[in-house]
Amino acid sequence: MSKNKKVVIVTIISMIFIVLLITVMFIYRSKSTNISNGEDNINTIQEDTVTEENNISNSYTNNNNEQNTIDNETEVKNNETTNELKQNNEQEVNQESSTPLSTKKGSSNNTKNQEKQQSQKAEKVRPQQEQNKSNVKQQEQTIQTKKQEETTSKPVIEKCTTNNNHGMSVGNSNKWFNSKAEAVAVYESKIKEWGNKWEKFEIDDATYEKNCPYGYEVWSCPYCGKWTINYYYN
């Protein structure tokens with residue numbers, strides 16, 4: 001081989017070696033940077049968790065402190081109220097003990113006198129009340145006797161037993177019928193009867209007009225419900 005070819009081959013091999021070194025160094029740096037970034041992220045996460053734990057512990061301690069202060073305030077208030085009640089009771093006891101026996105005796109005597117007066121008044125009022133009750137009973141008895149006398153003295157009026165004791169006066173037919181149709185049927189039979197006589201020349205015109213009705217009116221009794229008829233004549 002010639003020298004020139006050897007030189008070219010050596011240069012090419014050296015260039016390849018350099019390139020390989022550069023790539024290896026670049027890969028190593030990129031890995032180291034990623035590792036450092038990962039460690040930094042881990043450290044920041046750990047720091048955040050630590051701060052959160054500290055905040056939680058601080059809030060818990062603050063809540064406990066507030067609760068303790070509230071409990072202390074309530075205890076103080078309860079103690080104050082109990083002390084006030086004790087003082088009031090002591091004052092009342094002292095007042096009762098300070099009142100003399102003479103005043104107590106006088107008040108008891110006054111109450112006894114008042115009770116006697118009330119009992120005397122009640123004894124005076126009782127006979128008046130009893131008299132009023134007796135008067136009321138007598139009045140009630142007199143009213144009842146008057147009612148009984150009125151009911152016994154009034155005669156019982158019979159109704160709807162004859163033609164003239166109904167709630168309405170009887171018609172010129174002088175009859176009461178069980179229904180309106182029955183009364184109208186009697187009217188129609190009466191017209192037919194006198195009409196047949198007139199047609200057969202058994203009667204003259206004057207007797208026909210005198211005895212044969214040309215109309216009627218009916219009404220009923222409000223007590224028994226029967227009907228009567230009143231004829232119209234010329």
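Reader: How many aromatic pairs does a search of the whole structure find?

Author: The search finds five aromatic pairs. Please note that this is a predicted model.

Reader: Take tyrosine 187 and tyrosine 231. Why is that pair called stacked?

Author: The ring centres of tyrosine 187 and tyrosine 231 are 6.1 Å apart and the planes meet at 20°, so the pair counts as stacked. The cut-off for stacking is planes under 30 degrees apart.

Reader: Where do tyrosine 187 and tyrosine 231 lie?

Author: Tyrosine 187 belongs to helix H3 (residues 180-199) and tyrosine 231 to strand E2 (residues 227-232), so the pair ties together parts that are 44 residues apart in sequence.

Reader: Are tyrosine 187 and tyrosine 231 buried or exposed?

Author: Tyrosine 187 is buried, and tyrosine 231 is buried as well.

Reader: What about tyrosine 214 and tyrosine 232: what kind of aromatic pair do they form?

Author: Tyrosine 214 and tyrosine 232 form a tilted pair, with 6.2 Å centre to centre and 40° between the planes. This pair links distant parts of the chain, 18 residues apart: tyrosine 214 is in the loop between helix H4 (205-211) and strand E1 (215-220), while tyrosine 232 is in strand E2.

Reader: And the accessibility of tyrosine 214 and tyrosine 232, what is it?

Author: Tyrosine 214 is exposed, at a relative accessible area of 53%. Tyrosine 232 has 31% relative accessibility and counts as partly exposed.

Reader: Which residues form one aromatic cluster?

Author: The cluster consists of Tyr187, Tyr216, Tyr231 and Tyr233.

Reader: Changing topic: how many salt bridges does the structure hold?

Author: The structure holds one salt bridge. In it, the side chains of glutamate 193 and lysine 197 meet at 3.9 Å, N to O. Side chains of opposite charge can pair when their charged atoms come close.

Reader: How are glutamate 193 and lysine 197 placed in helix H3?

Author: Glutamate 193 and lysine 197 are four residues apart in helix H3, so about one helical turn separates them. Glutamate 193 is partly exposed at 42% relative accessibility, and lysine 197 is partly exposed with a relative accessible area of 26%.

Reader: Which ring does the charged end of lysine 197 sit over?

Author: The charged end of lysine 197 sits over the ring of tryptophan 194, at 4.5 Å from the ring centre.

Reader: Stepping back, what does the secondary structure come to?

Author: The protein has four helices and two strands. From the N terminus on, the order of the elements is α-α-α-α-β-β.

Reader: What share of the residues is buried?

Author: Buried residues are 9% of the 234 residues in the protein. The protein exposes about 20200 Å², and carbon and sulfur atoms supply 53% of that area.

Reader: Which residues make the nonpolar surface patch?

Author: Met15, Phe17, Ile18, Leu21 and Ile22 make a patch of about 510 Å². Leucine 21 has its place in helix H1 (residues 3-98) and is partly exposed at 40% relative accessibility.

Reader: One more: where is methionine 168 found?

Author: Methionine 168 is in the loop between helix H2 (101-153) and H3, and at 39% relative accessibility this residue counts as partly exposed.

Reader: What is methionine 168 in contact with, leaving aside its neighbours within four places in sequence?

Author: Methionine 168 is then in contact with Trp176, Trp219, Ser220 and Pro222. The C-alpha atoms of methionine 168 and cysteine 221 are separated by 5.6 Å, although the two residues are 53 residues apart along the chain.

Methods
Residues numbered from 1 in each chain as written. Predicted model: local features only at pLDDT ≥ 70, side-chain atom pairs only at ≥ 80, totals over all residues. Heavy atoms only, no water. Phe/Tyr/Trp six-rings, centres within 6.5 Å; stacked < 30°, edge-to-face > 60°. Buried < 20%, exposed > 50% of the residue type's maximum accessible area, 1.4 Å probe, protein only. Lys NZ or Arg CZ within 6 Å of the ring centre and 35° of its normal. Areas by Shrake-Rupley, 256 points an atom, 1.4 Å probe, with all protein chains shown as cover. Patch = residues over 30% accessible without salt bridge, like charges linked within 9 Å, V, L, I, M, F, W, Y side chains within 5 Å. Salt bridge = Lys/Arg side-chain N within 4 Å of Asp/Glu carboxyl O. Contact = heavy atoms within 4.5 Å.
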